Amino acid sequence: MAYLTLRGINKIYPNGFHAVHDFNLEIEKGEFIVFVGSSGCGKSTTLRMIAGLENISKGEFYIDGVRANEMGPRERGVAMVFQSYALYPHMTVYDNLAFGLTLQGVDDDVIEERVNHTARILGLTDYLERLPRELSGGQRQRVAVGRAIIRKVDIFLMDEPLSNLDAKQRVTMRSEITQLHRETGATTIYVTHDQTEAMTMADRIVVMKDGYIQQVGTPYDLYFNPVNMFVAGFIGEPPMNFVDCKVKNGNLVLSDNQIELRAVAEQDVLDKYEGREIVFGFRPECVHPVIGERVKSGYRVKCFVNLVELLGDNTNVYVNFDGFNSILKVDPHNSPSVGSSFEFAIPYESVYLFDKETEKRIKTKSFE
Ligand code: ADP
């Protein structure tokens, strides 16, 4: 059995709302797991059931092979960091860090050593005598993380810990938390709605929607092998482009552009979808502008340029073709201008196909 096992976990709130459905997950010791999904999809509810702050309506939760459903939060050996830092406003940073240990009756000299050690790891040594209101958002969040790590628990639970920080602080704290995880080796479950945080921090990501797990996998898996349209659209920025089409004689039929499916799909797939609607997907960053005739194997699409956003390292080009809007990410030196027509190529191996009805991925030749 894995270190943490969630088996058929469900949460039905007292008002009857079914917030989490049949959640199954095995977490190995030391893993950094991220729950990601839009607001309201059940991430916090699941985390709170793991913490022991919400009861589990149905299913079983094991910590290190021992059933933990009925254990209180303290017994579970978890430390939790919340979105609101939950610091004591009238206590100094030192006292905020020391508080939990003082309650446990730990000796003063041990407390002092652990506070100093924690402050050093988190760069808070110069701020120990300050009150929370005399700190920046990032420093307050570090104190909140410090209060969790000072307890030397085996499991960290973090609920949107960076959402009150500005964009720059978020990037800094993101790498600090990842580094801290590497140093402490504590099993960590981290909740966020931000796919960039999930992609950059996780060993494995759990994508959730409407209380259901959609996919569990490494960032690489989820990006390159999404199982359905939700995961494909959620992971990646800007999101994957989706184009609705009908399959006719093995071709995807658009008005001006014909897409011959044989290059990407096997005959049995073509037969199965003949006459049906499917969704053609490609990521903004996979396209190449067609300059002259130099194009690798792939589909060529002619489009009209509606808007161009120069971001520095790349340019987002908003285009329209055959009545569909898409975003292309191109090299700023090869960027087309607004109002022009433009031809781009989509390599065959970058094409994703989805069943329009079930939204599930259809097997293609590059499907792993
Ligand atoms: P997330 O963390 O993904 O934003 P939550 O786990 O907080 O989502 O909430 C999942 C769903 O459960 C939401 O629709 C939310 O409104 C609902 N919910 C959360 N807490 C309660 C509660 N105490 N009673 C009833 N419904 C709740």
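**Exercise 1. In which helix is the place of Thr45?**

Solution. The model is predicted: local features need pLDDT of at least 70, side-chain atom pairs count only at pLDDT 80 or more, and totals for chains, interfaces and linings use all residues. Residues are numbered from 1 along each chain as its sequence is written, and side-chain values use heavy atoms, with hydrogens and water left out.

Step 1. Helices are DSSP runs of H or I with at least four residues, strands are runs of E with at least two, and both are numbered from the N terminus.

Step 2. Under this rule, Thr45 belongs to helix H1.

Step 3. Thr45 is buried, with a relative accessible area of 10%. Here buried means under 20% relative accessible area, exposed means over 50%, and partly exposed lies in between (1.4 Å probe, protein chains only).

Step 4. A contact requires heavy atoms within 4.5 Å. If neighbours within four places in sequence are set aside, Thr45 is in contact with Lys11, Tyr13, Ala19 and Val20.

**Exercise 2. Determine how many of the nine residues of H1 are buried, and describe what follows H1.**

Solution. Step 1. The buried residues of H1 are Lys43, Thr45, Thr46, Leu47, Met49, Ile50 and Ala51.

Step 2. Because seven of its nine residues are buried, H1 is largely enclosed by the rest of the structure.

Step 3. After H1 comes Gly52, with a positive phi near 90°.

**Exercise 3. Describe the surroundings of the ligand.**

Solution. Step 1. A residue is near a molecule if one of its heavy atoms lies within 4 Å of it. Residues around the ligand include Tyr13, Asn15, Phe17, Ala19, Lys43, Ser44 and Thr45.

Step 2. Helix H1 (residues 43-51) supplies the largest share of this shell, three residues.

Step 3. Next, consider polar contacts, which are pairs of N or O atoms within 3.5 Å; within protein, one must be able to donate a hydrogen and the other to accept it, and residues adjacent in sequence count only if both atoms are side-chain atoms. An oxygen atom of the ligand is 2.5 Å from an N or O atom in the Thr45 side chain. For polar backbone atoms, the distance from a ligand oxygen is 3.1 Å at Cys41 and 3.0 Å at Gly42.

Step 4. On its own, the ligand has 560 Å² of accessible area, and the protein covers 63% of that. Accessible areas come from the Shrake-Rupley method with a 1.4 Å probe; for residues, only the protein chains shown count as cover.

**Exercise 4. Which two residues does a cis peptide bond join?**

Solution. Step 1. The cis bond joins Glu237 and Pro238, with omega about -10°.

Step 2. Pro238 lies in the loop between helix H8 (229-234) and strand E11 (241-248).

**Exercise 5. Is Glu160 buried or exposed, and how does Glu359 count?**

Solution. Step 1. Glu160 is not a glycine, yet its phi is positive, about 45°. Its loop runs between strand E7 (155-159) and helix H5 (167-184).

Step 2. Glu160 has a relative accessible area of 12%, so it is buried.

Step 3. Glu359, also a residue other than glycine, has a positive phi near 65°. Glu359 is in the loop between strand E20 (352-355) and strand E21 (361-362).

Step 4. Glu359 is partly exposed because its relative accessibility is 34%.

**Exercise 6. How many helices and strands are in the protein?**

Solution. Step 1. The protein contains nine helices and 21 strands.

Step 2. Of its 368 residues, 50% are buried.
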